[in-house]
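Let's take a walk through a protein chain together. Have a look at the fold first, then read on.

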Amino acid sequence: MSQPEVIVIGAGMGGMCTAARLARQGHVVRVLESSDKPGGKCRTEWIGKYAFDTGPSLLTLPAVYRDFFARTGKHLGQVLDVKPVDPAFDYRFHDGISLKFANLAHHKTQEEITRVLGPDVAAQWDALIKRAERMWDVSREPFVESELKSIFSLIKRPTLMRDLRVIAPWKSLRDLANELLPDKHLRYILDRYATYSGSDPRLAPAVLSTIAFVEEAFGAWHITGGVGQLSQAVYQRCIDLGVVFEFDSPVAQINHSKGRITGVSMKDGRTIESSIVVANADASLVYNSLISGKVRKIKGARKRIAKSTQSLAGFSLLLGLRPDGVPTKLSHHTILFPENYDAEFDAIFTTHTPVKDPTIYLCAPDDQAMVKEIGAQSLYVLVNAPVHDATGKNGWNWNDQEFNREYANSIINQIEARGMSIRDRLDVLEIRTPADLEKSVNAPGGAIYGTSSNGAQSAFLRARNRSPLKGLYCVGGSAHPGGGLPLVGLSAEIVANAIGNTQNASRLLH
């Protein structure tokens, strides 16, 4: 039997990685993308002489993409120059304390904490990492690397009780901090891991602390020329494997009959038939917009999505800085913490207002391939923000350009107040709001990670990779196992394997 054509909706990282894996299996694959370029949120953009990673600015768990390229016929080193970032992070606190976490070196991080805050505080971080490692060992296979079909599949595991004691699903990330980290500086660092999934540390599960272990054990990495080069390399891998792309081709509807997928209808009036559709779009759009009307089979999926909460969004500045005789030397990743971190989460998730004194993330790659003048610097600035909502009811209206300019200036003022010179070198200033992200990649509200991990049941509220409609699969940040480059890459692997296994079973039956 010949393999049926597979339709992939969306040329984001999840869609393209799935497409390449399926093409390697022998499928004919067509990717339908509403914008004019591939990559989704994973992009490196040039503005004048400066390049900026406007989506992911860091690669963790590079083994996910090493595996992707190996299984689709290439080695990662053949297509990308991946380099470790050291220090991995430069954490700067409101009280003047600064901690630089080494890359791939737990003992060096321990030495840094001991030097700055003393051995007792270093012991706190060591205890956290050891707990996070145990959580990772328990959660990696069932929650991250495998298809999560239902809570019942986990209940059947013979190690259930032991696993529950380790993961402690009844604990939030903040609860874990209260238990293991008396030091405020370390608590702020742990809180930040909730934002990796767009969540509130007071609600997000303690298992997110595994990110701390993953960063230390597997490193923080940069790709020469920008992390967006990864999406270009994945796109080229698709092309080399015969995947067909149609850009500027928005899908209007996913078609189905008697509980089975039959294809898609395009906004240009075409109908494309297919028994397999992979949706690399926000799950809320897939189930509530692309599949219209009352459909009994997806009633449960719609209910789960309705119970989930959107992830936080981001307000970003793209700053091109002219060469300077004595430039301010920044680490690749610098985080400026505020005095009151809880006030930030209250503003974003409760009052839905921009944060007055936000945590400021600065990405300053030491990469000459990202500037066209020696000594110039591309500085990407990101602060957490409430999602965009033009009505102002469930988010903030980011369409007010005058407010956006004032807010951008306040952020620059706060950076300069922390000892970094910006305005006297400023050559390029571009503002990107949650409304811009919503418009450019169809991310509802500009939510960076789709759905948040707010709550112990958040993993089960996320869209499952295999839809109740036979032949429909969901991939990407709003689907299992979640947002961020590594998880999206794993999501693609899960979906490609699920389709491959289904097709193999079908051939055996015939």
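## How the chain is divided

Keep in mind that this is a predicted model. The chain splits into three parts: domain 1 (6-82 + 225-308 + 453-506), domain 2 (86-218) and domain 3 (310-446). Notice that domain 1 is written as separate stretches of sequence.

Domain 1 and domain 2 touch each other: 20 residues of domain 1 are in contact with 23 residues of domain 2. Their C-alpha centres lie 28 Å apart.

## A look inside

There are five cavities of 30 Å³ or more. The largest cavity has a volume of about 60 Å³.

Who lines the largest cavity? Among the lining residues are Phe89, Phe101, Trp125 and Tyr193, along with Glu215 and Glu216. Sorted by class, the lining has seven nonpolar, one polar and two charged residues. Helix α10 (residues 210-218) gives the most to this lining, with three residues.

## Two cis prolines

Now for the backbone. Asp86 and Pro87 are joined by a cis peptide bond, with omega about 0°. You'll find Pro87 in the loop between β5 (82-84) and β6 (89-92).

There's a cis peptide bond between His480 and Pro481 too, with omega about 5°. Pro481 sits in the loop between β19 (472-474) and α18 (485-509).

## Positive phi without glycine

Leu104 is not a glycine, yet it has a positive phi of about 55°. Look for Leu104 in the loop between β7 (98-101) and α4 (106-117). Lys258 also has a positive phi of about 55°, and it isn't a glycine either. Lys258 belongs to the loop between β10 (251-257) and β11 (260-266).

Are these two residues buried or exposed? Leu104 has 41% relative accessibility, so it counts as partly exposed. Lys258 reaches 84%, which is over the 50% cut-off, so it counts as exposed.

Our last stop is Asn340, in the loop between β15 (333-336) and α14 (341-351). The side chain of Asn340 reaches the backbone nitrogen of Asp342 at 3.1 Å. A polar atom of that side chain also lies 3.1 Å from the backbone nitrogen of Ala343.

Key: Residues are numbered from 1 along each chain as its sequence is written. This is a predicted model: local features need pLDDT of at least 70, side-chain atom pairs count only at pLDDT 80 or more; totals for chains, interfaces and linings use all residues. Side-chain values use heavy atoms; hydrogens and water are left out. On a 1 Å grid over the protein atoms alone, a cavity is a set of points where a 1.4 Å probe fits but cannot get out, and a pocket is an open set with protein on both sides within 12 Å along at least five of seven lines; lining residues have an atom within 4 Å of a point. Grid points are joined across faces, edges and corners, and a volume is the space filled by probe spheres set on the points. Helices (H or I, at least four residues) and strands (E, at least two) are DSSP runs, numbered from the N terminus. Ala, Val, Leu, Ile, Met, Phe, Trp, Tyr, Cys and Pro count as nonpolar, Asp, Glu, Lys and Arg as charged, and the others, Gly among them, as polar. A polar contact is a pair of N or O atoms within 3.5 Å; within protein, one must be able to donate a hydrogen and the other to accept it, and residues adjacent in sequence count only if both atoms are side-chain atoms. Domain bounds come from an automatic or database domain assignment. Contact means heavy atoms within 4.5 Å. Buried means under 20% relative accessible area, exposed over 50%, partly exposed in between (1.4 Å probe, protein chains only).
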